[in-house]
Amino acid sequence: MTLETYHFETGMYRPPSEGGSASLLVRFTRNCPWNHCAFCSMYKTEKFSLRPVDEIKADIDAMAALAEQMRTLSEAKGGPDGAVTRDGVLALLNKEPALEQHPGLAMLVHWLMAGAKTAFIQDANSLIMKTPDLVAALAHLKTTFPHIRRITTYARARTVAQKSAQDLEAIRKAGLDRLHLGLETGDDELLKFIKKGVTSEGQIKGGRKAVAAGFQVSEYWMPGLGGRKNPWTMPGTRPGSSMPSTLIISAPGPSGPFPEPRFTRWSRTERSP
Ligand code: SF4
């Protein structure tokens, strides 16, 4: 057994809600194909690339092989059938010390010990993949881990809006359940200012198409992004506008990882009197 045998990639980022449910992180693409948003430094030094479907499938197979090793060793150590236990993981590391250097092993162990129920597709905009490739990769994930109950991903509203209804339905049927979309603001001037690359109409169109195809939609709104001068930051709050019927709004708060988000200070400096 070598590190190469069990190689799989794990990206840096996932939504906060995918940590609490200990999601399996499966990297379908690398980094962000847009990468222009003024407030975002997540992938600024990295180049976007699509990953071949065979490479993604090989990653999933490597995860499954490692999981099987851990289950077998856990049972040999007296653990319940099909479960991964601490003793089983320690037995694996004892047998193969090189795996301590595996960058994704801790994530995989966490997922297995938490019940192996959810998965998150990385990185920033998985829907940029060709639909047949995305469907094939999702199908392989579902077949390999049939006990997964929910699969989610980040996506750009503009990319969702550009997909046909048929393509979105095919992706939904292949097992993708939820899209995490960066709304940030519903104000067109502000969207332009932050270089989001989409208008409020585009955000609404993308959200509506996603809901119509059966996706759950989780929108990330940034309170304070417009500064004190600009209260129109939520789509639907400007008179005459409308918004998708299903919205889960997530926003950084005082108890979040960034108590005073950098973009808030930046927007105050740049936009407030
Ligand atoms: S689309 Fe998302 S990941 Fe890409 S630059 Fe904008 S906020 Fe960052």
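Author: A residue is called buried if 20 or more other C-beta atoms lie within 10 Å of its own. Please keep in mind that the model is predicted.

Reader: Why does L134 count as buried?

Author: L134 has 25 C-beta neighbours inside 10 Å, and because the cut-off is 20 or more, L134 counts as buried. This residue is found in helix α5, which runs over residues 131-144.

Reader: Which residues is L134 in contact with, leaving aside its neighbours within four places in sequence?

Author: Contact requires C-beta atoms within 7 Å, and with those sequence neighbours set aside L134 is in contact with S126, M129 and I171. Of these, I171 lies 37 residues from L134 along the chain, while the C-alpha atoms of the two are separated by 7.1 Å.

Reader: How do you know that the span of helix α9 agrees with its number of residues?

Author: Helix α9 covers residues 200-212, and at 1.5 Å a residue its 13 residues should span 18 Å; the end C-alpha atoms are 18 Å apart, so the two values agree. The helix is followed by G214, whose phi is positive, near 100°.

Reader: What covers the buried residues of α9?

Author: The buried residues of α9 include I204, G206 and A210, and the cover over the buried residues of this helix includes α6, α7, β6, α8 and β7.

Reader: What makes up the shell around the ligand, by class?

Author: The shell has 7 nonpolar, 3 polar and 1 charged residues; among the residues surrounding the ligand are C32, W34, H36 and R156, and Arg counts as charged.

Note on methods. Residues are numbered from 1 along each chain as its sequence is written. This is a predicted model: local features need pLDDT of at least 70, side-chain atom pairs count only at pLDDT 80 or more; totals for chains, interfaces and linings use all residues. Helices (H or I, at least four residues) and strands (E, at least two) are DSSP runs, numbered from the N terminus. A residue is buried if 20 or more other C-beta atoms lie within 10 Å of its own, exposed if 12 or fewer, and partly exposed in between; C-beta atoms are placed from the backbone. Two residues are in contact if their C-beta atoms, placed from the backbone, lie within 7 Å. The expected span of a helix is 1.5 Å times one less than its number of residues. A residue is near a molecule or strand if its C-beta atom, placed from the backbone, lies within 6 Å of it.
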